[in-house]
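Walk me through this model, please.

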Amino acid sequence: MTSESKTWESLKTEYLRQVEKALSSVENPRKKEVLEDVCSHLDRRFDELEPDQQTWENFQAIITEMGPASDYAELLEPDAVQRVRPVPLNYLLWIGLAVVVIIGTAILLTWAISDKPQPVILEEFRRDFPEKVAKIKSNIDIASLEDVIRIFGEPVEYIWGNQTFQKKNLPRRYVVVYPGRFCVFISEDKIVEIRHEGPGTGYVWKGGLHVGSPLEEVLEVTGQPTEAVEGQKNLFEDGVLYKDIEGTKGYCYYARVDQNVRFFFWNYKVSALYETRSDYGEGR
Amino acid sequence: MVQTLKKIQGLKIREGNIYPILARLQTDGLVTSYSEASRDGPPRKSFKLTELGEKKLTDMNAHWDQIIESIQHIRKGTYE
């Protein structure tokens with residue numbers, strides 16, 4: 001762990017401690033979940049920082065943007081909400097509902113656009129798809145973005161998080177998105193992994209595994225895990241089967257670095273299959 | 001969701017505010033959450049409105065429209 005990471009961990013831990021303390025008098029059954037969500041949010045914000053941005057000032061700015069710890073109790077405890085600030089918080093409740101609708105609509109539109117109204121594009125993209133994947137896999141450790149484009153054609157978009165980028169202005173890490181929810185994750189000009197996140201391409205991995213295959217089948221093909229952890233946080237350890245992650249039934253993760261593959265599961269079925277470069281995970 | 005809210009002009013919201021609000025909405029049965037694989041890493045938690053949430057949103061929208069209409073009457077002096 002670097003000194004910057006230690007500084008961040010210390011600030012994060014202190015903030016979470018304050019939030020936990022503020023929530024201690026609240027009786028809402030979801031307060032533990034709120035704390036976990038805040039922790040994940042902070043981890044994500046830290047991951048988004050480039051190495052030269054990992055400064056105390058930026059860490060402090062992230063914590064400040066989260067807001068005072070007392071807000072969590074006021075917003076989660078209905079009595080406190082009505083007693084302290086009825087109008088603004090009802091307004092926020094309304095905004096929350098409206099945003100869920102807006103984002104839900106956006107997701108539906110995205111699905112509709114990417115999966116249904118473009119059958120010609122997807123059909124075209126599916127043509128010789130296994131051969132194209134084999135070609136990029138055979139050179140995955142040395143291939144560049146240009147090689148990806150040469151094999152798969154121009155992508156639908158370049159994204160990282162919620163941001164979309166132009167090819168001429170790509171960040172250090174980004175995801176190249178193709179039809180059928182096929183993606184390539186690139187970092188520092190190197191391919192990290194190719195990602196199959198939907199059944200649209202019809203891609204079949206070793207042993208007949210594909211997006212939608214049941215967990216038992218994955219274990220039969222790839223081999224049994226060194227350890228199975230149930231109901232706990234996903235630590236992304238190689239060879240460990242994380243089952244019902246953080247209590248969510250059917251949500252699982254299993255990576256086999258020796259076979260250059262990672263699986264995410266939803267309802268105990270593969271929801272995403274990632275094929276990694278040969279040195280994936282080294283230096284983590 | 002936080003990014004979307006931050007883009008709304010005039011709305012001042014702290015990044016952390018969204019989590020207790022969503023937890024309240026869940027506790028009240030207005031939204032449900034689920035996880036799905038994301039394009040840039042581990043699966044993310046998503047939210048959707050329940051039937052009750054849809055109804056509540058309709059009611060609150062109507063209430064909000066009523067407030068705006070009432071204020072407009074006051075501003076224009078057409079309340080008599």
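Between chain B and chain A, about 4400 Å² is buried; this is the accessible area, with a 1.4 Å probe, that two parts lose on being put together, summed over both. Carbon and sulfur atoms give 66% of that area. The model is predicted: local features need pLDDT of at least 70, side-chain atom pairs count only at pLDDT 80 or more, and totals for chains, interfaces and linings use all residues. Residues are numbered from 1 along each chain as its sequence is written, chains are lettered from A and ligands numbered from 1 in the order in which they are written, and side-chain values use heavy atoms, with hydrogens and water left out.

In terms of contact (heavy atoms within 4.5 Å), 43 residues of chain B touch 51 residues of chain A. The rule finds one salt bridge across this interface. A salt bridge needs a side-chain nitrogen of Lys or Arg within 4 Å of a carboxyl oxygen of Asp or Glu. The partners are B:Glu15 and A:Arg45, with their closest N and O atoms 2.7 Å apart. H2(B) gives the most, with nine residues.

Now chain A. It has 10 helices and 10 strands. Of its 284 residues, 45% count as buried, meaning under 20% relative accessible area; exposed is over 50%, and partly exposed lies in between (1.4 Å probe, protein chains only). Helix H4 (residues 69-76) of chain A is mostly covered, with seven of its eight residues buried. Among them are A:Asp71, A:Tyr72 and A:Glu74.

Next, the charged pairs. Side chains of opposite charge can pair when their charged atoms come close. Over all chains, the search finds 20 salt bridges. A:Glu36 pairs with A:Lys32 at 3.0 Å between the closest N and O atoms. Both lie in helix H2 (residues 31-47) of chain A, four residues apart, about one turn of the helix. A:Glu36 is partly exposed at 28% relative accessibility, whereas A:Lys32 is exposed at 59%.

A:Glu146 and A:Lys167 form another salt bridge, at 3.3 Å between the closest N and O atoms. This pair links distant parts of the chain: A:Glu146 sits in helix H9 (residues 145-152) of chain A, and A:Lys167 in the loop between strands E2 (163-165) and E3 (173-178) of chain A, 21 residues apart.

How values were computed:
Helices (H or I, at least four residues) and strands (E, at least two) are DSSP runs, numbered from the N terminus.
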